[in-house]
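Me: Hi! I'd like to go through this protein with you, one bit at a time. Can we start with its surface?

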Amino acid sequence: MGRTKKTSAKVLVHPSEASPKKQRKGAQPTGNTTLPVIDKIKERAKQQHKHASSTWKNYSSYVDHGQKWLKVHASTTSCKDEETHDSDAYEDPTFRDALEEIPNQHSDKALTLFLSYKCFHENNGQSTCDGIHAAFKKYWEEAAGDTYRGKWHFNEVRKCWEGNPACSAEVQDVIKSVRHKANSEGADRTHSVAMSKGFMDRILTWIHKCHPRETYMGLVRMLLEGDKLATDNLTLELHTSITCVVMYQAFSTTAWNLWTRCFELIKLKRKDLTIDPSEVGVAFRKYLCNETPSIKDLHARFEVFLSNRKGWQRKVDKGLKEADPRSNRYKIYPQPDIPGCDCFFWMLLWLALLEHVHYNSELEPDDFVFPTISSNGIVHRGEHILHDAVQAWIDEATTGAGIPRGVGDSFTTHTYRRGGAQWRWMFAPVGERWTLARRDTLIRYLLDELSTYENDHSDALCPTQNEADGSLLGEHQLVKPACSQDLQLMQQFITADVADLRSDIRILTNAFVSHRNGQPSSTEPLVQRPLCAGTSFPHESPTFVPQQTVPASGPSRTLNPTTNSAGTTNFGSRPLPEKGLDIPNLPVRCADGSYAPKKDSWKYIIQHWTEADPGRSLHVALRDWPAEWLRGKNKAIFSSKYHQQALIALEFLEQYQGNESVFLAAYPECTEGHTALLAAIKRAKKDRGEIIPHK
């Protein structure tokens with residue numbers, strides 16, 4: 001026998017008395033939940049979520065302007081001198097309210113007058129006409145439920161006007177007239193010129209003339225190797241210029257590959273990028289080291305989610321959100337054969353520059369990938385780049401590269417969207433062009449999920465296409481024979497790998513023979529190559545080069561070797577610490593990424609003078625540094641900072657015997673930071689006769 005469920009009377013419980021779990025499922029309870037309050041909540045939700053905020057802002061501007069215009073003209077209009085067939089309507093007191101939220105019998109007439117004034121009297125274009133029409137149509141659709149939707153007509157039964165005045169025949173006639181006027185006057189073509197691959201290559205060539213490739217690649221390479229002084233010799237102009245160039249290339253190549261509009265990309269955040277360091281790190285290092293990527297490297301990828309992609313709301317309205325959970329997600333692969341359009345390289349290069357040069361920390365999930373950059377090179381972390389700045393970049397790049405323009409041609413922010421699409425469909429090499437795939441309607445409806453996978457274009461940039469629509473999940477690609485191009489490509493990469501292996505064996509052999517004979521090797525010494533051989537990009541701790549070993553190529557700002565008569569390298573009476581020299585900057589950075597208060601800077605100076613701080617790369621206390629460490633090249637790097645901190649530390653420890661209260665009483669400038677304290681100590685030492693001023 002089946003068991004029957006016992007019936008029980010459910011008791012209604014106020015939301016405030018519900019269990020925490022049930023409270024989390026619904027909305028947060030409020031004190032006032034009357035129907036009028038809920039109605040207001042409904043209206044606020046519609047305003048906030050139904051349309052984009054920028055759309056509401058533009059529509060509200062058109063509506064507000066139209067209402068003010070009608071009230072001004074209605075109050076000054078006199079029909080005594082010029083009689084028309086609509087003079088009675090103009091004299092009607094309700095005519096001045098025809099563009100309000102609740103339309104009346106004159107609303108369609110008032111809207112046509114406003115359109116005529118803006119487009120025929122002020123000679124505005126078709127875009128103004130379309131904007132005004134869309135704004136008032138939406139304005140009246142949102143009023144009084146569905147009363148003012150559809151065809152504008154007079155309901156004889158209810159004795160009132162219904163429908164939308166913006167849909168009236170007279171309004172449509174005016175819109176058509178404006179369109180014909182714009183076409184007859186031969187309006188300038190406003191479509192953007194497509195940014196072809198050839199133009200992208202010319203821009204990259206122009207960039208390399210201003211900044212050779214090694215300028216920015218060498219900078220990032222040293223930073224990833226752990227050289228914290230790599231940016232010390234950069235001038236403000238060069239620092240700002242490199243930042244803008246790399247950021248422009250990352251933005252333009254992303255827009256070119258993903259066919260994005262400007263507003264879709266400027267709001268991209270770090271959380272929209274899915275990057276696995278272990279997957280992309282090796283391929284990126286080969287870019288930086290000018291090595292040929294292997295077939296495996298060409299399949300490394302990261303994913304971009306365009307959360308602001310235009311049209312996502314319409315997909316939600318059609319119920320497509322659940323049908324395609326990977327919507328607006330795109331996989332980016334290396335494209336070393338088209339360096340001017342290689343989004344994989346430029347995006348990773350820009351992120352490395354942003355984290356290691358500007359932020360000195362990893363990007364937070366809500367940090368913008370393309371932040372605002374001021375004229376002095378300062379990056380504003382919480383502000384995304386503006387449309388005008390992107391347009392200025394495009395103008396400067398196309399002009400500097402000498403790209404020709406025809407009459408009426410312009411490169412706008414849509415130029416990458418058009419150029420990228422044309423390349424994939426029309427101008428890519430034979431065999432690499434995309435075909436116009438047709439969606440199978442029967443499969444789309446009967447096996448919707450399978451069709452979604454087979455027609456997914458998020459992996460369209462992959463160098464090896466699965467062609468999932470050719471067989472069940474692309475099985476035919478796994479069993480088809482290899483073509484001559486595949487074999488040639490395989491031979492090319494095997495040859496490159498064998499050449500690298502031979503080079504490594506030669507270096508090992510020479511180093512071993514030299515070590516056994518006790519003679520210096522004439523070939524490149526065996527050193528660690530953390531950038532080209534490790535797997536620490538971009539979120540793992542880099543492997544540091546031991547400072548006792550001199551690299552064969554590339555300057556090292558942490559070493560100060562001297563060569564004696566015997567030709568051997570000598571570092572002085574005391575070897576440098578293995579992790580390299582460094583004096584922490586002030587104010588010091590805390591573990592959470594914030595900076596310590598300036599009033600505590602003097603305490604850190606005392607601490608660093610008396611004891612090491614390995615967490616901040618100070619491996620030997622400053623008072624224990626030998627004189628050799630402050631000579632040669634290191635003099636320009638550390639000498640000034642070392643002696644300034646020594647002046648403060650010795651004043652506290654020797655002059656005041658480490659008595660904090662007396663020291664603070666003598667130098668209240670401690671609360672202002674170490675710079676003000678240093679100036680006060682110098683004045684005090686001068687008064688005591690310990691410092692003789694320069695004449």
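Me: Which residues form a nonpolar patch on the surface?
Reply: Keep in mind that this is a predicted model. In it, Ile295, Leu487, Leu489, Met490, Ile494 and Val498 make up a nonpolar patch, and together they have about 480 Å² of accessible area.

Me: Which helix gives the largest share of the nonpolar patch?
Reply: That's helix α21, residues 484-517, which supplies five residues. Met490 is in helix α21.

Me: Is Met490 buried, exposed or partly exposed, and why?
Reply: Met490 counts as partly exposed, because its relative accessibility is 41%. To be called exposed, a residue needs over 50%.

Me: New topic: helix α26. What should its 14 residues span?
Reply: Helix α26 covers residues 674-687, and at 1.5 Å a residue it should span 20 Å. Its end C-alpha atoms are 20 Å apart, so the two values agree.

Me: Which residues are buried in α26?
Reply: Leu677, Leu678, Ala680, Ile681, Ala684 and Lys685 are. They cover an arc of only 165° around the axis, so they sit on the same side of α26.

Me: Why would residues a few places apart point the same way?
Reply: An α-helix has 3.6 residues a turn, so residues three or four places apart point the same way.

Me: And which residues are exposed on the other side of α26?
Reply: Thr675 and Asp687 are exposed there.

Me: What is the phi of Gly689, which follows α26?
Reply: Gly689 has a positive phi, near 80°.

Me: Which residues other than glycine have a positive phi? I see Asn290; what is its value?
Reply: Asn290 isn't a glycine, yet its phi is positive, about 55°. Gln657 is another non-glycine with a positive phi of about 55°. Most residues other than glycine have a negative phi.

Me: Where is Asn290 found?
Reply: Asn290 is in the loop between α12 (277-288) and α13 (295-298). With 52% relative accessibility, Asn290 counts as exposed.

Me: And where is Gln657 found?
Reply: Look in the loop between α24 (633-655) and α25 (660-666). Gln657 is exposed, because its relative accessible area is 64%.

Me: Next, peptide bonds. Is the one from Leu586 to Pro587 cis or trans?
Reply: That bond is cis, with omega near -5°. Most peptide bonds are trans. You'll find Pro587 in the loop between β9 (569-570) and α23 (601-610).

Me: Is Cys262 buried or exposed?
Reply: Cys262 counts as buried, because its relative accessibility is 4%. Cys341 is buried too, with a relative accessible area of 0%.

Me: Back to helices: how many residues has α6?
Reply: Helix α6 (residues 126-141) has 16 residues. From first C-alpha to last, α6 reaches 22 Å, close to the 22 Å expected at 1.5 Å a residue. Its buried residues include Cys129, His133, Phe136 and Trp140.

Me: Last one: where is Phe251?
Reply: Phe251 is in helix α10, residues 236-258. Its relative accessible area is 4%, so Phe251 is buried.

Me: What separates the C-alpha atoms of Phe251 and Phe370?
Reply: Those two C-alpha atoms are 7.6 Å apart, although Phe251 and Phe370 are 119 residues apart along the chain.

Key:
Residues numbered from 1 in each chain as written. Predicted model: local features only at pLDDT ≥ 70, side-chain atom pairs only at ≥ 80, totals over all residues. Heavy atoms only, no water. Patch = residues over 30% accessible without salt bridge, like charges linked within 9 Å, V, L, I, M, F, W, Y side chains within 5 Å. Areas by Shrake-Rupley, 256 points an atom, 1.4 Å probe, with all protein chains shown as cover. Salt bridge = Lys/Arg side-chain N within 4 Å of Asp/Glu carboxyl O. Helix = DSSP H or I, 4+ residues; strand = E, 2+ residues; numbered from the N terminus. Buried < 20%, exposed > 50% of the residue type's maximum accessible area, 1.4 Å probe, protein only. Expected span 1.5 Å × (residues − 1). Arc of directions from axis to C-beta.
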